[in-house]
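Here's a quick briefing to read with the structure open in your viewer.

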Amino acid sequence: MMYKSSMKSFKMAMANLMTMFMLIEVITCGFGFGFGAAGGLNMNYYLMSCPFVEPVVKNVVNRALDNDPTLAAGLVRMHFHDCFIQGCDGSILIDSTKDNTAEKDSPANLSLRGYEIIDDIKDELERQCPGVVSCADILAMAATEAVFYAGGPVYNIPKGRKDGRRSKIEDTRNLPSPAFNASELIRQFGQHGFSAQEMVALSGAHTLGVARCSSFKTRLSQVDPALDSEFAKTLSKTCTSGDNAEQPFDATRNDFDNVYFNALLRKNGVLFSDQTLYTSPRTRNIVNAYAMNQAMFFLDFQQAMVKMGLLDIKQGSNGEVRGNCRKIN
């Protein structure tokens, strides 16, 4: 057991080292944002105003994930759901009021977890540098730390996002559905500027976490040729515990790796929107490539995550820095 554990740690370290060197090369060649601006954002945005922001985020995230590693998936998914609705502006963090039902209370977001981690980071940063660090930046950085904690690639993101002032349940209709096929996913991600390959890379975030029965039970009502018959029995057994019963996306739910893509090759995708990536000729070769080459997946994933973090950002008077991430100032 010690040998297996040490080998796993060695492989994880080597994968992170490879992707770090690859990312350095990419940045040197001009993809990355280096230490300059990216649409007004900057790697060193808080260097003078809140120099310890990154260590604070890392420490709080690591402490929380030490207690509950399953929260890594929650933070990554929360960042995605934030960025795809009105841009990366922390709107997913806002609580509903008697006059407004916010994004987080949409059926699509009820399973999101990790809000308390963002609160704890915000509280610590408000003590150190009040009114400086936005909730949108905190969430983006927390997702980055969660990926690395789980064994995924290490990468940096530019900062300087402002927090949005709108969070409405009706906006969540723009989130991708677990029933989407590959063409629908390509189209919806394309509306945000992502290629098919970037869409598949971002879908690889399902290497972490679980799906609820309510999101895949419709696949079980009839024979699905894209679903392995034995795995269908596993999903059916999960659903005997009700709509909220959880099924891991792959066999290593708390590890960021390429096991998710290998599951798709065996027709073991949990959601229809997972398995369609392998079923469709438009994306099958990408799945095959990531299943064979984890370093390639890591590199493409981190590039796509940096790009996602730039979606419809708020700056200047278009946003604010909330004092409490759960409510507009």
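Cys135 and Cys325 are both buried, and a disulfide joins the two, with 2.1 Å from S to S. The pair ties together distant parts of the chain, 190 residues apart: Cys135 is in helix H5 (residues 135-149), while Cys325 is in the segment after H12. Keep in mind that this is a predicted model.

**Disulfides**

- How many disulfides are there by the distance rule? The count comes to four.
- For Cys135 and Cys325, the torsion about the S-S bond is about -95°, so this disulfide is left-handed.
- Cys213 and Cys239 make another disulfide, and their sulfur atoms are 2.0 Å apart. This pair also links distant parts of the chain, 26 residues apart, with Cys213 in the loop between S3 and helix H8 (229-239) and Cys239 in helix H8.
- Which hand does the disulfide of Cys213 and Cys239 have? Its S-S torsion is about 115°, so it is right-handed.
- As for accessibility, Cys213 is buried and so is Cys239.
- Cys83 and Cys88 form a disulfide too, with 2.0 Å between their sulfur atoms. The torsion about that S-S bond is about 115°, so the disulfide of Cys83 and Cys88 is right-handed.
- Cys83 and Cys88 are both buried.
- If you number the bonded cysteines in sequence order, the pairing pattern reads 1-4, 2-3, 5-8, 6-7.

**The largest pocket**

- If you want a place to look for open space, the largest pocket has a volume of about 1,100 Å³. It is lined by 43 residues, and those closest to its centre are Arg77, His81, Ala108, His206 and Leu271.
- Which helix gives the most to the lining of the largest pocket? That's H3, with six residues.
- Helix H3 (71-83), helix H6 (182-190), helix H7 (196-203), strand S3 (210-212), helix H10 (272-279) and helix H12 (294-308) each supply at least two residues of this lining.
- Sorted by class, the lining of the largest pocket has 22 nonpolar residues, 14 polar ones and seven charged ones.

**Aromatic rings**

- The structure holds 15 aromatic pairs. One of them is Tyr260 with Phe261, an edge-to-face pair at 5.0 Å centre to centre, with 75° between the planes.
- Why does the pair of Tyr260 and Phe261 count as edge-to-face? The angle between the planes is 75°, and planes over 60 degrees apart are classed that way, so the label follows.
- Is Tyr260 buried or exposed, and what about Phe261? Both Tyr260 and Phe261 are buried.
- Ring pairs also link Tyr260 and Phe261 into a cluster with Phe256, Tyr290, Phe297, Phe298 and Phe301.

**Charges over rings**

Conventions:
Residues numbered from 1 in each chain as written. Predicted model: local features only at pLDDT ≥ 70, side-chain atom pairs only at ≥ 80, totals over all residues. Heavy atoms only, no water. 1 Å grid on protein atoms, 1.4 Å probe; cavity = no way out; pocket = protein on both sides within 12 Å on 5 of 7 lines; lining within 4 Å. Points joined across faces, edges and corners; volume = space filled by probe spheres on them. Helix = DSSP H or I, 4+ residues; strand = E, 2+ residues; numbered from the N terminus. Nonpolar A, V, L, I, M, F, W, Y, C, P; charged D, E, K, R; others polar. Disulfide = S-S within 2.5 Å. Buried < 20%, exposed > 50% of the residue type's maximum accessible area, 1.4 Å probe, protein only. Phe/Tyr/Trp six-rings, centres within 6.5 Å; stacked < 30°, edge-to-face > 60°.
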